[in-house]
Amino acid sequence: MIWSLSLWLIVPLGLWVVFLGLLYYFLTSNFDHWKKRGVRYEKGLPFFGSLFSAMTLREHRIICIDKIYKKFSNESFVGYFQGRQPALLVNDPELIKSIVVKDFTYFHDHGLQLDEELNPLVAKNLFNLEGHRWKEMRSKLSPTFTSGKIKMMTPLIAEVGKTLQKFLANTANESNGKVNIKEAAVSYTTDAIGTCVFGVQCNSIENPNTTFMVMGKKLVDFNFLRGIKMLCIIFVPEVAKMLKFEFIEKDLTNYFRNMVKEMMDSRRKTGQMRKDFLQLLIELKDKGSISVDNAEDEYESRQLGGFEQDQPASTRTEREQYSIAFEFFIRFPIFLSNKLMILINYRYFTR
């Protein structure tokens, strides 16, 4: 009886020890990567790597990397670990210049491994594609970012600006000069992206409870659970894939995907033409390339990496189209809002 009880305890305990040993080996098996190559590096901890405070949500990832940079400021480059993955922090300006200019063809991947089935909109956009797929999409999209194409959308942005100006004047009059600049900046950015990228009139400046605004806020809101998921996706993608973590929730993915699809279908049926980014994506989908209006735009597009061998229109799937438009809502709102806040503060409070 005693032997049976002991065996009942030893076997599970032994299995746990084996499991923990294998897990430890899996999480630390790359920790000698930089040592083998003679590169100075910041030591890592199992699961957390060299970014413990970022992984525990105590500090922003940028702050952690800045500390490593300052600690090894005399080195041309230094190794560290994102979870179990080795990463390199380059300090030397000449090396940085070579990486982003001369040798960029070898360094264009961003190192973010996303499952295309779980995160289709994020995984298939230009910022996260790798290798030939990234090169092919960059070549196709380069003409959309020329000066001429950006200027084409200026009237749309100006119209949103007029609405904002009117809103600020009315709000200031009604509240003795007090205006929530942050909320105004977010609303302006949302409306500008909505009209230029998605081709929709949001009017969130005057009505902050529109569906587009609500879903947009939900998209960029950050909470503890989303933070844990994102950290796992970025630093331990194998674990994230096993647990089926999604970068963006399904309701958000479906909302933006359906909206872009409905707008594209509507324009094809009605023949409506509008000078916005969505129209350029429709042209790219239907024709396989985007036309340029003048020699200056053509030269600029070549400088950006466009005008390589044409691909048939069928190579640009609808899911990729949605990913491109969706990426604008992820990447640019905070940046544009901060810039607008600076501008508004300058215009209204320094005159």
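**View 1. The start of helix 5, with Asp92 reaching over to Glu94.** Here a side-chain oxygen of Asp92 comes to within 3.2 Å of the backbone nitrogen of Glu94. Helices here are DSSP runs of H or I with at least four residues, numbered from the N terminus.

A quick word on the model: it is predicted, so local features need pLDDT of at least 70 and side-chain atom pairs pLDDT 80 or more, while totals for chains, interfaces and linings use all residues. Residues are numbered from 1 along each chain as its sequence is written, and side-chain values use heavy atoms, leaving out hydrogens and water.

**View 2. Helix 9 packed with helix 10.** Helix 9 (residues 154-174) and helix 10 (residues 181-198) pack at about 155 degrees, with axes (lines fitted to C-alpha atoms over the stretch in contact; angles run from 0 to 180 degrees between N-to-C directions) 9 Å apart. The two are therefore roughly antiparallel (over 145 degrees).

**View 3. Ser204, in the loop between helix 10 and helix 11 (211-220).** Ser204 has 0% relative accessibility, so it counts as buried. Its side chain makes a polar contact with the side chain of Asp191 at 2.5 Å; such a contact is a pair of N or O atoms within 3.5 Å, and within protein one must be able to donate a hydrogen and the other to accept it, with residues adjacent in sequence counting only if both atoms are side-chain atoms.

How values were computed
Angles under 35 degrees count as roughly parallel, over 145 as roughly antiparallel, 65 to 115 as roughly perpendicular and the rest as oblique. Buried means under 20% relative accessible area, exposed over 50%, partly exposed in between (1.4 Å probe, protein chains only).
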